[in-house]
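Please look through the sequence and the fold below before reading on.

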Amino acid sequence: MDYLDKLENESIYIIREAYSQIKDVAILWSIGKDSTTLLWLIRKAFFGQIPFPAIHIDTGYKFEEIYRFREHYAKEWGLDLRIYKNEQAIRRGMSPDKGRFECCTQLKTDTLKIAVAKENLKALYLGIRRDEHGIRAKERIFSVRDEEFEWNYKSQAPELWGQYKTKVNRNEHIRIHPMLNWTELDIWRYIEREKIPVVDLYFAKEGKRYRSIGCASCCEPVDSSADSIDKILSELRTTIISERSGRTQDKESRFIMQKLRSLGYM
């Protein structure tokens with residue numbers, strides 16, 4: 001068993017353990033490389049099927065490539081895809097021009113609250129990793145939110161010897177992070193091994209590529225000639241540029257990111 005096998009087995013164990021305890025769940029699919037890899041792992045965990053919905057929070061500002069990828073693979077993989085938009089906020093004119101913090105809160109966090117309430121969900125699977133951002137390093141694999149979705153990172157259950165908090169209290173909501181221990185390099189190695197399809201924005205064109213994708217208004221490409229997975233792997237082994245360096249900096253500061261996450265941001 002190699003390193004990727006161990007990561008895969010750990011993630012599949014977490015996925016199955018969570019589902020054995022909590023049935024009112026869904027996966028949050030952003031269409032990025034991490035959430036698509038998580039989708040792949042869930043399909044493996046349940047022998048090619050996903051026994052719960054995939055939810056996409058659509059701000060209306062995603063890359064066109066993301067929408068095309070979503071429609072194609074939702075159909076090919078037979079997903080029970082549920083798309084949510086905060087139509088009221090959009091009608092009020094909410095956009096990135098109003099400020100990234102406010103935009104993310106209303107078009108992402110508030111929309112997620114709407115989705116969870118409508119679907120009556122007790123838990124969500126998310127494809128986040130500790131190495132992606134300093135604030136995410138504080139997360140647990142089973143991360144508890146209160147009834148208002150607020151996250152108190154100082155008050156999380158310890159996770160020792162594979163023992164997790166899988167019981168959901170009446171006024172709690174749990175985020176499940178099966179890939180929390182993975183790294184960006186692990187993700188790309190696994191994508192290469194498993195031949196997982198990803199949005200082609202990750203591959204260099206004219207000397208630029210995206211390392212992290214989301215809303216087009218909040219992402220910038222980085223300088224790169226990596227137009228294949230082999231070249232991406234080589235680049236990641238030597239780069240000193242952070243993965244989210246192409247994200248809007250007024251949102252990516254530690255203070256703002258921690259504030260967003262404390263309110264329920266992905």
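The model is predicted, and local features need pLDDT of at least 70, side-chain atom pairs count only at pLDDT 80 or more, while totals for chains, interfaces and linings use all residues. Residues are numbered from 1 along each chain as its sequence is written, and side-chain values use heavy atoms, with hydrogens and water left out.

The chain has 9 helices and 8 strands. These are DSSP runs numbered from the N terminus, with helices being H or I of at least four residues and strands being E of at least two. Of the 266 residues in the chain, 56% are buried. Buried stands for under 20% relative accessible area, exposed for over 50%, and partly exposed for what lies in between (1.4 Å probe, protein chains only). The accessible surface of the chain is about 12,500 Å², and carbon and sulfur atoms hold 49% of it. Such areas come from the Shrake-Rupley method with a 1.4 Å probe, and for residues only the protein chains shown count as cover. Among contacts in the chain with a separation of 6 or more, 74% join residues 24 or more positions apart. A contact here means heavy atoms within 4.5 Å.

The largest nonpolar core contains 71 residues. A nonpolar core is a set of buried Ala, Val, Leu, Ile, Met, Phe, Trp, Tyr and Cys residues joined through side-chain atoms within 4.5 Å. Helix 1 (residues 3-21) supplies the largest share of this core, 7 residues. The residues with the most contacts inside the core are Trp-29, Ile-42, Phe-52, Tyr-125 and Trp-188. With residues up to four places away in sequence not counted, Trp-29 touches residues that include Ser-35, Leu-39, His-56, Phe-69, Tyr-73 and Trp-77.

How is helix 1 placed against its partners? Two packed helices are described by the angle between their axes and the distance between the axes. Helix 1 packs on helix 2 (residues 33-45) at an angle of about 70°, with the axes 9 Å apart. Helix 1 is therefore roughly perpendicular to helix 2. Axes are lines fitted to C-alpha atoms, for helices over the stretch in contact, and angles run from 0 to 180 degrees between N-to-C directions. Angles under 35 degrees count as roughly parallel, over 145 as roughly antiparallel, 65 to 115 as roughly perpendicular and the rest as oblique. In this contact, Glu-8, Ser-11, Ile-12, Ile-15 and Arg-16 of helix 1 meet Leu-38, Leu-41, Ile-42, Lys-44 and Ala-45 of helix 2. By class, the contact of helix 1 with helix 2 has 6 nonpolar, 1 polar and 3 charged residues. Ala, Val, Leu, Ile, Met, Phe, Trp, Tyr, Cys and Pro count as nonpolar, Asp, Glu, Lys and Arg as charged, and the others, Gly among them, as polar.

The axes of helix 1 and helix 6 (residues 184-194) come within 11 Å and cross at roughly 95°. Helix 1 is thus also roughly perpendicular to helix 6. Here Tyr-3, Leu-4, Asp-5, Leu-7 and Glu-8 in helix 1 meet Asp-186, Arg-189, Tyr-190, Arg-193 and Glu-194 in helix 6. By class, this contact of helix 1 with helix 6 has 4 nonpolar, no polar and 6 charged residues.

Is Glu-8 buried or exposed? Glu-8 is buried, with a relative accessible area of 8%. Leaving aside neighbours within four places in sequence, Glu-8 is in contact with Leu-41, Lys-44, Trp-182, Tyr-190, Arg-193 and Glu-194.

Several loop residues can be taken next. Met-94 lies in the loop between helix 4 (87-91) and helix 5 (100-119), and is buried at a relative accessible area of 10%. Among the contacts of Met-94, neighbours within four places aside, are Tyr-61, Glu-102 and Gln-106. Met-94 and Gln-106 are 12 residues apart in sequence and 7.7 Å apart in space, C-alpha to C-alpha.

Most residues other than glycine have a negative phi. Ile-31 has a positive phi, near 80°; this residue sits in the loop between strand 1 (25-28) and helix 2 and is buried, with a relative accessible area of 1%. Asn-120 also has a positive phi, near 55°. Asn-120 is in the loop between helix 5 and strand 4 (123-125) and counts as partly exposed, at 49% relative accessibility.
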